[in-house]
Amino acid sequence: MGAPFSSGVAAERSVLSSGMYKLEIELKRGNNLAVRDRGGTSDPYVKFKLAGKEVFRSKTIHKNLNPVWEEKTTLVLDCLSEPLYVKVFDYDFGLQDDFMGSAHLYLESLEQQRMIPVTLVLKDPHHPDQDLGSLELAVTLTPKDSPLEERRDSTQWEVKTYRWKPYVNKQQQSLRLSELHRKSQLWRGIVSIALIEGRNLIPMDPNGLSDPYVKFRLGPQKYRSKTVPKTLSPQWKEQFDLHLYEETGGVLEIAVWDKDTGRRDDFIGRCQLDLSTLTKEQTHHLELQLEESRGYVVLLVTLTASAHVSIADLSVTPLDDPQERREILKRYGVWRSFSNLKDVGIVQVKVMRAEGLMAADVTGKSDPFCVLELNNDRLQTHTVYKNLNPEWNKAFTFNLKDIHSVLEVTVFDEDRDWSADFLGKVVIPLLYVRNGEQKSYVLKNKELTGPTKGHIYLEFDVIYNTVKAALRSVVAAEQKYIEEEPKVSKQLLQQNFNRVKRCIMVLFSYGTYINSCFEWESAQRSIVSFVLFVLVVWNFELYMLPLGLLLLLVWNYFFCSSRETADMTMEAMFEWEEDEDDKEDKESEHKGFMDKLYAIQDVFISVQTALDEVASYGERIKNTVNWTVPFLSCLAITALCSATLLLYLIPLRYLVLAWGVNKFTKKLRDPYMIDNNELLDFLSRVPSDVQVMQYRELKIDPGQSPNKRRRTNPS
């Protein structure tokens, strides 16, 4: 998730950028373009890009520095935050085309429902002082719901060269966290959505099929489904929750898109759902017809009451009130273990202060504020201006749906003109915290691989029902609504390959050890192994399988090596270099050959992701056995004891029969049930070695104590 804007700007931009839009662009002409050919001319053409994908390419005008295109294109947008990237190239037959300049058109700053003449001044990022000419466009931005009046007097146009910058309401941006803003962060309820399927969608690809996915928007919240390839009747079967900030419910916007590699995705259709028409605390089965094309989207929608979420001063925190604390403890007591299984507990986080933060402004100060994210729940503090040692003294309360959730605490510097600057971050698994203990956490960099400047003081109170937490451990974990697109990285591919290689080498070492017993390299070991083999084979029963795993867990609990040694080994393995993307110039224009690599890019990303999945599950199995997360290891012991007892008391054929009956009748009992694998869902809660490294707390340098820092930095 990208850095958020300061509180006022975020609210303003969410209003400006919501909904569907139609962007009509007329490419008129170029003026005084750069010379790229030996004859003192150029063969220019223009490319438009959105979110890194080419959406339009003009025709080539040969031997002309003042070309006239007079070409039009129309784009369908669902977000205005991405600027339109305009690039001009000189066409060279058989060679790489020469770069002639580029410019950005910031869509958020466009006046809507009016044709606007625009002159874009072309620049070269490597040579900003070079004059490369300009482009003349006519742009019309129209909300999809609003009719645009076609009658316009072109003689009234006034051509200007705009300095395009995102719209910023500086007065709102400079306000501190007021009571109104505090309340605007708190949601009044939750809408649970299960996206089941699509029916009879229109084909968008030459093969007569589509690769559909769905985007949801409720106010500022977004969710994107997975892509189902090559089908007109996709089966998504995904479940997610959105927050209700309005008591009336609001309008849920649904848009269906076709995924295309190497170019902008195609718009299939959309529909809207007025949540105020739905009865609360009841599941609704809905078949919504797409408004602008044929086809349906099938949903299950449930509106539930408000979750326990609040922002308070330290003097009035909920859990510090003895009576309220007793009620909360009773609410999550053992006697209520099977009521509302999704309500596992609550988390109270006290954000005290930070010390020694990085100076992000030219004045040597920063304007820090703190953002707390628990899965898809997000709250933030007010901004403390011109301070490197801010004190927030706020208590945040979240509803807990999964005890294995990780709290992300990020400190940003408020910037009055652009997005907030990153100052530091720390991720804290809730199972790792101690209630009531105020602790200092060293801030890390964006990749969570090393320290950055400063640390933050936090205090936690986590109250949860153990039975509910155990039951939720075998249910699919909540996913982030909008995640960054995976990028091709040779370094990441090499890292994942090495992780898989380490797991394979562990298995290979076990195989070598077993083979050494067959080879009688050690007579004593071979004799003991032979006797054990005969006894086990002669007396084998199926219940011995979970019993053996149970003994392995118990053995590692009492005799495993020290945690510090494991942490040091892991730290040595994951000393990563700086991301290669930071080393490359993002504005480099000599990437024409990349257009030819789109086909293999998806393959590359798939291999990269597969290696990550294989390595992660191998490491998670190892970390379950090694007691990296004692709660999960205890849960595994409970499951293995139960499996051992069942297999000991009940013949195997009866258990297999019960499993088969359950498997065959599951769809008959609930046609809309979303399938899941309990074992894989359990393992997804166990951190991989990468996550263990990210969650590991950094030790504070004793030479940089808070008292010493205060003396050297009086601010």
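A cavity is a set of grid points where a 1.4 Å probe fits but cannot get out. This report applies that term, and a few others, to a predicted model.

**Cavity**

A search of the whole structure finds 1 cavity of 30 Å³ or more. The largest cavity has a volume of about 30 Å³. Its lining is made up of Leu374, Asn375, Asp377, Asn399, Leu400, Lys401, Ser405 and Glu478. Sorted by class, the lining of the largest cavity holds 2 nonpolar, 3 polar and 3 charged residues.

Most residues other than glycine have a negative phi. Asparagine 375 is not a glycine, yet its phi is positive, at about 60°. This residue sits in the loop between strand 19 (368-374) and strand 20 (377-380). Asparagine 375 has a relative accessible area of 21% and is therefore partly exposed, since buried means under 20%.

Lysine 230 is another non-glycine residue with a positive phi, here about 55°. The loop that holds lysine 230 runs between strand 11 (221-224) and strand 12 (235-244). Lysine 230 counts as exposed because its relative accessibility is 56%, and the exposed class begins over 50%.

**Salt bridges**

Side chains of opposite charge can pair when their charged atoms come close. The structure holds 22 salt bridges.

| Pair | N to O distance | Accessibility of the Glu | Accessibility of the Arg |
|---|---|---|---|
| Arginine 29 and glutamate 70 | 3.7 Å | Glutamate 70, 39% | Arginine 29, 29% |
| Glutamate 111 and arginine 114 | 3.5 Å | Glutamate 111, 45% | Arginine 114, 35% |
| Glutamate 355 and arginine 353 | 3.4 Å | Glutamate 355, 3% | Arginine 353, 21% |

Arginine 29 forms a salt bridge with glutamate 70. That pair links distant parts of the chain, with arginine 29 in strand 1 (residues 21-31) and glutamate 70 in strand 4 (residues 68-77), 41 residues apart. Arginine 29 is partly exposed, and glutamate 70 also counts as partly exposed. A network of salt bridges links Arg29 and Glu70 with Glu136.

In the bridge between glutamate 111 and arginine 114, glutamate 111 counts as partly exposed, and arginine 114 is partly exposed as well.

Glutamate 355 and arginine 353 also meet through their side chains. Glutamate 355 is buried because its relative accessible area is 3%, which falls under the 20% cut-off. Arginine 353, at 21%, is therefore partly exposed.

**Nonpolar surface patch**

Trp520, Ile527, Phe530, Val531, Phe533, Val534, Leu535 and Val537 form a nonpolar patch on the surface. Together these residues have about 820 Å² of accessible area. Valine 534, one of the patch residues, is placed in helix 7 (residues 523-539). Valine 534 counts as partly exposed because its relative accessibility is 39%; a residue must have over 30% relative accessible area to be part of a patch.

Terms used: Residues numbered from 1 in each chain as written. Predicted model: local features only at pLDDT ≥ 70, side-chain atom pairs only at ≥ 80, totals over all residues. Heavy atoms only, no water. Patch = residues over 30% accessible without salt bridge, like charges linked within 9 Å, V, L, I, M, F, W, Y side chains within 5 Å. Areas by Shrake-Rupley, 256 points an atom, 1.4 Å probe, with all protein chains shown as cover. Salt bridge = Lys/Arg side-chain N within 4 Å of Asp/Glu carboxyl O. Helix = DSSP H or I, 4+ residues; strand = E, 2+ residues; numbered from the N terminus. Buried < 20%, exposed > 50% of the residue type's maximum accessible area, 1.4 Å probe, protein only. 1 Å grid on protein atoms, 1.4 Å probe; cavity = no way out; pocket = protein on both sides within 12 Å on 5 of 7 lines; lining within 4 Å. Points joined across faces, edges and corners; volume = space filled by probe spheres on them. Nonpolar A, V, L, I, M, F, W, Y, C, P; charged D, E, K, R; others polar.
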